[in-house]
Amino acid sequence: MTEVGPTATPSGSLLERDAEVAAITEAVDSLRAGRSSSGSLLVWRGAAGLGKTALLTETRRIALDRGCTVWWARGGETLRSVPFNVVRQLLQPALVSMLPEEAREYLGDWYDLAGPALGIVDPGDRQADPQGVCAGLVAVVRRLAAREFPLVLIIDDVHWADQETLQWLAALAERIEETSVLVVLARRSEKTGGDSARLLDAVADAGRALDTLSALTPRATADLTRATLGAHADDPFCREVWAVTGGNPYETVELLAKVQDSELDPVEAHAAELRALNRSSRGGGIVARLEQLGIDATRFAWAAAILGTGITIDMVASLATLRRDDAVRCAELLRTARIMTGPDPATGRPAEGEMEFVHPLIATAVYNSIPEALCRAMHGIAAQLVADRGLGAAAASRHLVQVHPEDDQDVVAQLRAAAREHLAVGAPDAARRCLERALQEPPTAILHAPVLYELGCATLLTAPATTIEHLRTALGMPGLDADQRVDAVFRLSQALLHNDQLEEAVRTVEAEAARNTDPAKRLWLQAVQYMWEGIHAGETSSPDRSARLADLAATCTGRDNSERALLILRGFDAMSHGENAEEVVEVCDRALVNGRLAPGLGWTDSEWGIELPLMLASAYAYSDRLDRAEALFTEGLRAYENAGWNGGHLALAHAYVGLGHRRRGRLVEAEAALRESLRIAELVGRGLPLYWSAICNLIDTLLARGHVDEAWSLAGRYGFAPPYPSTIVLPDPRSIRGRLLLATGRTREGIAELEAAEKAAASRGRHNPVVVPWATDLARALAAEDPERAARLASDARRQAERFGTDTAIGEALRCAAALETGERAARLAAQAVTYLEASPCQYEHAAARVEYGIATRSASELERGLALARSCGADGLAARAAEALAAGRVPG
């Protein structure tokens, strides 16, 4: 329950722990082997009282004896709601010891991101990305591990760590081998549920989980009894000690201490008294023992249990309404009774207070013994004490959430302020708890909607379904000002989008745009509506959407971000429909300011989100303006890395950098970027649009490389199959799956998938043959069984390509046409394809056209050029085909 350090290790507490001590020694020695040594993680699991803390204390002694730096922290049962509590205990002392300038220089880009979470930097008014903060904390550990090598991190009672610390631990555990640090944890073996259990299991799976902690044997219990009470302790007495305690080391040590206090002779005649003595060491027994010390001592212990951390005599005296001299007297009584103690220097960390409970089991028993009404009242007083000492609303909030609701608007204000502080350090769950509690107070009628709005904002990243409920309720109540209302509608539409309710998101924004009388806000809402419609992959859209968007964009000069957003949306819409590429580029250029994204439309700006810059860069990428697209994709990746964003945004950034490499023909680089995107997307969650972007582009890249078996294996492993997401994925996943099925010899299935892609594209008017490349693949697949239909498809693809007008689109259409012909006509079409694709920035397609032309004309020089291009692209399958044709000196059969 409390954040305490381990008590001094009693004599004999490491009995029968030889194997555990050997594992610790081995891990420490492995770390010390060199600065390049891999990090490791040990997790000790066992029931309460089995000596986990004693093992951690021994770990510290072994590590210090071998010249290691050791930092210690401990979870606390009543402190689990305090974000970053445990990681702050662990890392804050080392950073606080640096001068601010030194810490900023040392942590670099991570200073402003991780510093607020660690309590060494004022967070300001921002809302930090939780995944970015987590990544920043991992980076801080890596830097500190290099600075303090060899570094050992010890966390006791990790099962009581706060959620934010557990998320950091899980992220660190995932990359523990890359960090030269030894992490040693102790946790209860009892199974629990919820996110904490999931994170604890993830940590254990990444490390070396050691479930070897067991109770002492009768022989070890006898040895410990005689070492404590004297060699004259007889066998029946020793056996009864073991029977009463079950060999639990903590209970055994406590029982033997009470035998000493009572001056009981350790012989068989007194063995029957052991059970009564042992009961006084457990829950009800501890409470009874506490009551025997008097009401003042009881109030002192209750106050200490309420505080949980930073237990000073002055704080306890204020909370328990005791005079200081009475508080000093009570503290001594509790020390003598082995209920409380001074901070243990064995932890090696600075004490926040003057006292702590001897063991978490005692702290839990004391806290649970406080009458409920009194407990709530004392939390209220504790909140005021914390606030009076200038520790901030966030520090007071863990007490405020325990106070009984009393329609106190000061409490509402404090909880809202605490929520803002929590959001600023990247702890949205803590903010959610504060705002949910504020609603229970409750707020006044005029403040109810703003609190619901703030709660919806806090849950947007973690619980979209909950966000929808909160924001819909807020929008149906009075109290939101004009700016809050528009922002609430936007965030509601985002939550609906993340909850796969895109059509509802569109209707929500459309309805608000219709009712809003402010021209600027109406235009902004219209842009949001078109944005959501633009990324919808379904078969329905509002009538004449593209025409209305074109008319609206035609009036835009790019004078503000709403107009710039509409221009980007118009450019993306025109690109996906296959309109003239030069006009697409002209519209997109008008959305830029001096060739760059305008402030407010950047990758990390929250006003619009990631969708607009992705649409802009994609429009350039598929319009053969790869230089501009790649510059934007690279800028996005750098922005997210510098900001420490390590979730969905970073996954998408890597995916689109991979798409840029794929379009350029750098297939090896594309594969690397897309695998990194898929790795991050897996952590965020399968089935999301960002996940589809990663796997779809990776499958497409592997097919281009000729790695068909691997592409098929990945498709099965990652579920690259219907149903498809409701948002657009580039390139079209149906077309890529159809291509995959054809490549693996599943021709009928491939044709069916490509025909489904044809139908979906037609219903949405998406006729860009590069973005939705079903036509050319379907034409090739039908060439033998239905040549007339294949010819029509190829002709339509060429017409669409010429309408779009890029060298890549026309060259690919000519490649398809050549594949359906023979003799001189095939050679002539292949030559034309080479001409167009040589002028295209897409080098893989150019290489393929060269090889196909070389085969059609039996030209060794063309095959050699195609082979060289294929190798430079990393297209192993295409290179093998060219080499085979060269070796055979003829067209392969």
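I began with residues 14-184, where the chain is 50% helix and 13% strand and the end C-alpha atoms are 17 Å apart; helices (H or I, at least four residues) and strands (E, at least two) are DSSP runs numbered from the N terminus. The unreviewed UniProt entry annotates residues 14-184 as "domain: Orc1-like AAA ATPase"; such annotations may be inferred rather than shown by experiment.

I noted that this is a predicted model, in which local features need pLDDT of at least 70 and side-chain atom pairs count only at pLDDT 80 or more, while totals for chains, interfaces and linings use all residues. Residues are numbered from 1 along each chain as its sequence is written, and side-chain values use heavy atoms, with hydrogens and water left out.

Next I looked up the aromatic pairs and found seven in the whole structure. Rings of Phe, Tyr and Trp (its six-membered ring) pair if their centres lie within 6.5 Å; planes under 30 degrees apart count as stacked, over 60 as edge-to-face and the rest as tilted.

Phe490 and Trp532 are stacked, at 6.2 Å centre to centre with 5 degrees between the planes. Phe490 sits in helix α24 (residues 482-498) and Trp532 in helix α26 (residues 519-534), 42 residues apart. Both Phe490 and Trp532 are buried, that is, under 20% relative accessible area, where exposed is over 50% and partly exposed in between (1.4 Å probe, protein chains only).

Trp692 and Phe720 form a tilted pair, at 5.8 Å and 50 degrees. Trp692 lies in helix α34 and Phe720 in the loop between α35 (708-717) and α36 (733-743), so the pair ties together parts 28 residues apart in sequence. I found Trp692 and Phe720 buried too.
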